[in-house]
Amino acid sequence: MNDTATARQDPTGYAAAAVLRWAHRRGGEAHCLLQLRRADADGDDPDVLAVVASELRDNPRGHGLTADVPDWAGAVLGQVLPRSVAPERIRWWVRHGWYSTYDPAGPETLTELQLGWDGHRFVDDVHRHRLVPVAQARELAARWRLEPVDVALAALGQPAPRRFGTDGRSDLVAAPLPRRRIAAAMLLTDPAGAMLVVEPTYKQEFEIPGGVVEDDESPRTGAAREVAEELGITRTPGALLVIDHVPAARRRTEGLVVVFDGGHVDDPATLVLARDELRSYAFVTPDRLGEYLPALQTRRALAALRARGQGAAIYLEDGHPAGETPPV
């Protein structure tokens with residue numbers, strides 16, 4: 001039994017919190033915060049249990065929850081839950097947010113997992129994961145009385161991840177110099193000029209292939225690494241196309257996004273998606289990018305296409321060329 005906490009049952013159903021540690025399939029130990037509740041707090045079935053797992057940022061990169069669902073779910077069953085809880089009576093959820101490996105500057109998300117049980121272990125089908133709409137996720141968190149991740153960890157005597165948010169409720173990290181998040185992306189198109197966009201498993205919108213640049217990593221190296229990890233192809237970043245300064249907003253920190261030219265993808269069959277990170281991809285013509293990308297990313301993507309055609313990099317602020325007055 002996990003020595004941090006044990007699931008208990010009271011008149012309102014199961015209620016527990018624990019830090020789960022397990023051997024990750026990618027090698028080494030990983031950990032996450034677990035919060036257990038009755039799945040339907042307003043219903044009359046006390047035996048259906050909701051397990052909410054929150055990924056923690058201090059895991060090694062690549063050791064996230066969605067990359068190893070069967071193993072951590074099996075560890076929950078073996079280490080935390082009473083033997084009386086049958087596998088088929090559990091509902092599974094994953095939280096990402098400022099405390100997690102993925103998109104630490106983005107909004108908090110809640111994903112429902114649909115796991116099968118073969119009699120010996122859990123079976124995960126990533127295509128059956130469901131990203132919960134924001135309003136429903138908030139309603140579930142309120143109904144289940146889910147504590148914020150830092151509060152739950154503090155109650156367990158565990159160190160809480162530092163906040164980097166600017167939403168007025170977050171504690172900024174004291175540092176002698178300003179901290180900015182840096183992301184790097186790659187413009188990839190098919191021979192006809194349609195742009196490759198990808199759909200993450202942990203967001204509700206598409207984006208340009210790329211991601212957050214790691215410590216002691218250059219943006220150019222970061223762009224190549226992200227494309228290799230997400231798409232299974234090796235690309236050497238070409239010309240610098242865009243530098244976009246992104247101001248802080250309610251759900252993100254200030255940052256810089258750098259876009260490089262990745263050339264053409266002649267055969268989409270060469271793309272091998274990292275299924276724990278990407279749900280799908282699409283090649284989109286410039287006139288339809290707004291149907292897939294948020295407004296800021298649409299402006300950035302179109303600027304990258306212009307820069308490729310002009311043979312000169314473009315500097316942007318919030319997706320707009322510097323000096324241009326944004327439309328009201």
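Glutamate 214 counts as partly exposed, at 30% relative accessibility, and in this predicted model the side chain of glutamate 214 meets that of arginine 225 in a salt bridge, with an N to O distance of 4.0 Å. The pair links distant parts of the chain, since glutamate 214 lies in the loop between strand 12 (210-212) and helix 4 (219-231), whereas arginine 225 belongs to helix 4, 11 residues apart from its partner. A search of the whole structure finds 16 salt bridges, and the points below take up some of these pairs together with the exposure of their residues and the overall make-up of the chain.

**Around arginine 225**

- Arginine 225 has a relative accessible area of 15% and is therefore buried, the cut-off for that class being under 20%.
- Glutamate 217 also forms a salt bridge with arginine 225, and the closest N and O atoms of this pair are 2.7 Å apart.
- Glutamate 217 is buried as well, because its relative accessible area of 17% falls under the 20% limit.
- Glutamate 214, at 30% relative accessibility, is placed in the partly exposed class, which covers the range between the limits of 20% and 50%.

**A second pair, and the network**

- Glutamate 291 and arginine 288 bring their side chains together in a salt bridge, for which the N to O distance is 3.0 Å.
- Glutamate 291 is exposed, with a relative accessible area of 56%, while arginine 288, with a relative accessible area of 35%, is partly exposed.
- Salt bridges that share partners join Glu214, Glu217, Arg225, Glu226 and Glu229 into one network.

**The chain as a whole**

- The protein chain has 328 residues, of which 48% count as buried, and arginine 225 and glutamate 217 are among the buried ones.
- When contacts in the protein chain are taken between residues at least 6 apart in sequence, 61% of them join residues at least 24 apart.

Note on methods:
Residues numbered from 1 in each chain as written. Predicted model: local features only at pLDDT ≥ 70, side-chain atom pairs only at ≥ 80, totals over all residues. Heavy atoms only, no water. Helix = DSSP H or I, 4+ residues; strand = E, 2+ residues; numbered from the N terminus. Buried < 20%, exposed > 50% of the residue type's maximum accessible area, 1.4 Å probe, protein only. Contact = heavy atoms within 4.5 Å.
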